[in-house]
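Subject: Structure handover

Hello,

Here is the structure I promised to pass on. Please open it first, then read the notes below.

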Amino acid sequence: MKAFQLTEKKEFMNLLLRTGVFDNFLLSEASIHTAVKYEIDGKLNPSFYSSQELEEQNLAGFSCMPYGRLRPTFFELIKGRTAPTQFKFVLMLSPSNLQNTIRASGTSIAPDNILAVFFNILFQNEQLLLTTGVSYRTFITDKSFEKEWEKFTIQFLKRNNVTFSEI
């Protein structure tokens with residue numbers, strides 16, 4: 001796990017809430033503290049959709065809702081003159097992006113050994129942080145995939161012109 005302080009908060013929030021930069025991630029959970037506290041469980045409720053709707057809306061096989069589908073709602077909750085006192089977004093790779101990331105990592109980890117790969121975005125005490133995370137199905141001593149995920153994260157942040165410092 002690696003932590004990054006995001007130093008240009010306004011620019012990052014614009015990327016998070018007004019552009020599609022994070023739209024291919026899935027939302028595991030979110031918490032937004034404004035005048036009231038909003039707790040959002042990103043788990044997809046497949047019984048809400050017919051099988052055909054899941055296919056048509058490209059939701060089949062997802063355990064959580066794509067962040068891009070919820071981004072406009074988050075924008076509405078956060079916009080305004082007063083910043084939230086705190087928020088947290090837990091984003092994870094979609095199954096296909098997880099497969100691509102494992103393949104690109106060049107590590108020997110089996111896809112079945114990884115439960116999820118995360119970005120945790122936290123705004124608290126006027127600081128904006130992003131931490132990486134990997135959740136395994138079983139105990140793994142080889143942390144080479146985690147190191148590669150950290151490198152991918154740095155590349156992702158640089159590619160999207162996010163100003164950061166490692167903590």
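Which residue in β8 does Gln 5 stand opposite? The residue is Ser 165. Bear in mind that this is a predicted model.

Strand β1 covers residues 3–6. Three bridges join β1 to strand β8, residues 164–166, and the two run antiparallel. On β7, residues 127–136, β1 also pairs in the antiparallel sense, again over three bridges. There, Phe 4 has Leu 130 as its bridge partner. So β1 has pairings with both β7 and β8, because at least two bridges between strands count as a pair.

Now the overall layout. The protein has five helices and eight strands. From the N terminus, the order is β-α-β-β-α-β-α-β-α-β-β-α-β. Of the contacts between residues at least 6 apart in sequence, 67% join residues at least 24 apart.

Next, overall dimensions. Along the principal axes, the C-alpha atoms fill a box of roughly 50 × 45 × 25 Å.

Last, burial, surface and charge. Buried residues account for 43% of the 167. The protein exposes about 9600 Å², and carbon and sulfur atoms supply 50% of that area. There are 18 positive and 17 negative charges. Their mean positions lie 5 Å apart.

Best wishes

Conventions:
Residues are numbered from 1 along each chain as its sequence is written. This is a predicted model: local features need pLDDT of at least 70, side-chain atom pairs count only at pLDDT 80 or more; totals for chains, interfaces and linings use all residues. Side-chain values use heavy atoms; hydrogens and water are left out. Helices (H or I, at least four residues) and strands (E, at least two) are DSSP runs, numbered from the N terminus. Buried means under 20% relative accessible area, exposed over 50%, partly exposed in between (1.4 Å probe, protein chains only). Contact means heavy atoms within 4.5 Å. Accessible areas come from the Shrake-Rupley method with a 1.4 Å probe; for residues, only the protein chains shown count as cover. Lys and Arg count as positive and Asp and Glu as negative; His and the chain ends are not counted. The place of a charge is taken as NZ of Lys, CZ of Arg, CG of Asp or CD of Glu.
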